[in-house]
Amino acid sequence: MKKSILFFVILPLLTLLIISPAQSENLIKNPGFEEVDATGKLLNWSFWLGNTASEIGLDKATYAILPVNKSHTIKAFNPQETWTMVSQEGIKVAGDTEYLFSAKHIESKHFSRTSIAQLSEYDAGGKLLKQDYLSTNIPPSPDWAVWEKKFTTQPATTTLSLAYWPMGTGTAWLDDFSLVKFAGSDQEKAESLLPYYEKDFINQENWEAQDLVFTPLPGGAKITATKSLGFLKGYVAYDKLHPCLQIKIDSVEEGARWMLVDLSQGTEKISAPDNRAGLFTFDLRNILRLPEKGQILLGIYFLGEGKSLALNGIRTVSQPVAEKNSWGTAGSISLASGFSAGPADIQKWKNTGLTIKTENNASKITESNPDNNYGRLDSPEIYLNVTEYPYLTISLSHEPEKEYGWSLALNNETTLSPKQYTKNSGIITYDLREKTGWNGKQKFFLSLYVAGEGKELAVNWLKISNKPAEASYQLSGEDAQRGYLCYPKKPFAVYTYATLPEPGETGGKMSIFASPGEYEPATFLVYAGKDLKEVKIEAGNLKDNNNHIIPAENIDIRIMKVWYQAGNTGAVGPAAFVPELLLKDDSLITPDHEKRRNVLHFEGLPLDGPQLKPINIPENSSKQVWLTVRVPQDVFPGRYTSRIKIMPANAPSQEIELEVSVLPIKLQEPDKIYGIYYVGSNLKEIEDMRAHGLNSGCSYNFSLSLKKKEGGKWEFDLTSLKKEIDVWVKNGFTKPIVLALNPYVAYFPIKVLDGNATPEDEELFVFIIKEVERFRKENNYPEFLYYGIDEPAYDTTGKTLEQCGKVFALMQKAGGKTTTAITLAGAEKLGALIDVPIYDEPSANSLFPTPSLNPKTELHYWHPLENPIYDRFRFGLFVWKAGLDGAYPYAYRHVFSYAPYDDFGKEGDVRNEIYAYPSQGGPIPTIQWEGMREGIDDVRYLTTLANLIEKAQKTTGNQNLTQEIAAGKNLLENLPEVFNANIALLYQKLKPEDFQDYRRKISEQIMRLQALLK
């Protein structure tokens, strides 16, 4: 180890001596604006216009002394008070490194407001870590002035975005942008980076350990887990020359296992659990899809309480060891076309800890390992062109679920299943290229894990083919004659075209319960054994036995669109096929499975009208139908049923029953603030928000037309603001309304937000807030919350937070209440200056499950994904249990979302953040938007029970009532056990029925108390 460490010390130092600082690479692409495509469009840069009068783009004029031998500059011209922007994103940088940013700049005269550059730092997952706003403050000049800034990146930074904003009125020219490592930076950091390349396990100081005993051994260390799971973690760097992570394990005690994960991206798995010793190599870029160089926070997990492993060391190297891919395989097969394996083939695979039998033309695999709670099956080595045959499909029969589940991996390294173990069944297809980055001919083998004592898995077949394998289901009886069948499912679970009916579902009915005034979803799928054309779907009236009716128009029918989105995190990543849109016209969008993108059959915004259009369902696939039942406020309680009719043009019709149990409960409105970041005043969208349970309006970025009168007095017209607030109030929004002033309007005292404000600026700012407050009181509007600087606590220097405090002080001086998105620590630093903090996700999570006792009104925010479980929990039971006063996620639709139906940008960009998509016919709901409404309804049920208990406590002498009060309190104070896990794991384990089971218990307790109080 010591000799190899010396090699790694000498080589980089020699390299650094050869490369002078003057040769540092400019990391900005097309820095002089000289590169354009065939149409003359500038490469690598983007422009944004503040208004139609503004101009920004390439300029060949000779206003100033242009750079030698160059023809292009950027000209920004703002004839009115606004701001324009030129930007470049995805600039790859290293963390904890000093850089020098510079640019050449001319202004014909001072802009009316200070022009700025914004440097935004992001980690590997696309999370914003820091933003610096750099002011030009360069006087007008006939020649170029150099504008520069030295800064150090955050430790986890991997990419940087640059934006230049000429602000106000004026004209500016830009050229020769530069971002280079600061001279001396590499030399100063050389030694600190060296341990990343090779870590010695004799020295525990290199690693942070948890639940482990660390004992030095000759050439390594003995690691013993004191609990069932212990781990080491430490940073490991890699680059183009060293892209592979290599770990040497000298021995593994029987019953012990180890696994590698990338903790810098959550818990992204590098290897599956393994119980072997040896030398193992993993290509980080292929497995994790990382950039060409950087560092990861490596976690080495040890499984098995009291068990030990002997580790020699870890390093990054240039290539995998040759022996790795051939380990554990039963022979090798070279294939010119796709691969397939049925029960007879699977019987021959290498088997550890499993029993395999052939039953009903499937391989019944049972975990039977007395030493571990998992078994493993390895295929022969496969030699195949994955460019031509990229799709791996496993077909599973439907066995009863037991503990743990199954997992599939390539080369026992790259885990394909989305979790460590999954209980999925049916037809499941993976793109081999997506996780590995493979192209062309590859050698690999498949590893199938079955975990859980006595766990059974029935595998029909595995295939590698040139297209995703179709689902197949054997129709019988009348279903076979019709050519299709309908089957109910639970709302909010994930269903795709490959979903198949489970035993007992065929011939079943949709059964839901709801209270008067509530919206409640139900869903079913149509499986087509043949192509179904022009399928119409209609609902009949809901009727009870006493001829009470809920009209058919109260049943909203939509089609679930499963389409491709750019990953399943907040940042743009590999395409994910997810259910999201609830459409009236399913033909508007077609997924392209080959390109893993979507084909849009419209330009601009789609027209998704009020009437459900007929749908087509391809052979051997399923289509999900979504129903939302609006229960009238004045309906009689009881059991109502309806028949939903499915009518294909080329097959006989069929019906499926919908049963709605209307409960004798009058739900109470929660005393919570439910709002959402929003720009606009579209009546249909505001009505949609109220129908989904929101009660707090938001005018994010509203404008004021300031005018200066004679004598130095100011005035502005609030007519448009009144019109906007009236829409919120008339639609039932009674809670505080969030107002974020648009500072990019004429005469606005923007220096109050930027800093360096004059007393006159502050006086005008206070005047604005006072006038808006006077206007609010005159109109008897709900309380206004004035939004300050957004997310000020993310600036690690503390300057933005300090400036936000100054802004808040002025707002409060004018009589306004303050709010912004902030961390818990940032809110504590601001103290009384922030009236309503909107906590970020990590801060809010710290309050769960121990509720906040802060007397302040506290909200929390997050960003939407296509995960209704996530939104239901955060709007509902999370708010209740964390003691928060409400939820305010970002956003109904991202305020700068100009292409809402195109989720794919550059890798690492923030994805479109949308709860409801815009269309010409009004907002199109999503599965996460419906999950949000269910979360608010969960709190309505809890609030109703809490109010009823309070009422019941005033009645004495009734023993039965006393017992039911105690039972009700227990339900309110203690969430079901399934909700009591680490919050980071909850979203992986919670199911739709977990929420519904708890709601049912709450509703039953409400009805018991109501009966005793009559």
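These are my notebook entries on what I looked up in this predicted model.

**Ground rules.** I am working from a predicted model, in which local features need pLDDT of at least 70 and side-chain atom pairs count only at pLDDT 80 or more, while totals for chains, interfaces and linings use all residues. Residues are numbered from 1 along each chain as its sequence is written, and side-chain values use heavy atoms, with hydrogens and water left out.

**Whole protein.** I looked up the secondary structure and found 19 helices and 61 strands, both taken as DSSP runs numbered from the N terminus (helices are H or I with at least four residues, strands E with at least two). Of the 1014 residues, 54% count as buried, where buried means under 20% relative accessible area, exposed means over 50%, and partly exposed lies in between (1.4 Å probe, protein chains only). The protein exposes about 44,200 Å², of which carbon and sulfur atoms supply 50%; the areas come from the Shrake-Rupley method with a 1.4 Å probe, and for residues only the protein chains shown count as cover. Among contacts (heavy atoms within 4.5 Å) with a separation of 6 or more, 73% join residues 24 or more positions apart.

**Ser46.** I then turned to Ser46, which sits in strand β1 (residues 46-48) and is partly exposed, with a relative accessible area of 39%. Leaving aside residues up to four places away in sequence, Ser46 touches Met85, Val86 and Ser87.

**Helices α10 and α11.** The axes of α10 (residues 759-778) and α11 (residues 799-813) come within 8 Å and cross at roughly 50°; axes are lines fitted to C-alpha atoms, for helices over the stretch in contact, and angles run from 0 to 180 degrees between N-to-C directions. From α10 the contact draws on Glu762, Phe765, Val766, Ile769 and Lys770, and from α11 on Val807, Leu810, Met811 and Lys813. I sorted these residues into six nonpolar, no polar and three charged, with Ala, Val, Leu, Ile, Met, Phe, Trp, Tyr, Cys and Pro as nonpolar, Asp, Glu, Lys and Arg as charged, and the others, Gly among them, as polar.

**Helices α16 and α17.** For α16 (residues 927-952) and α17 (residues 959-973), I noted axes that come within 10 Å and cross at roughly 145°. Leu942, Leu945, Ala946, Ile949 and Ala952 of α16 meet Leu961, Ile965, Gly968, Lys969, Leu971 and Leu972 of α17, a set that divides into nine nonpolar, one polar and one charged.
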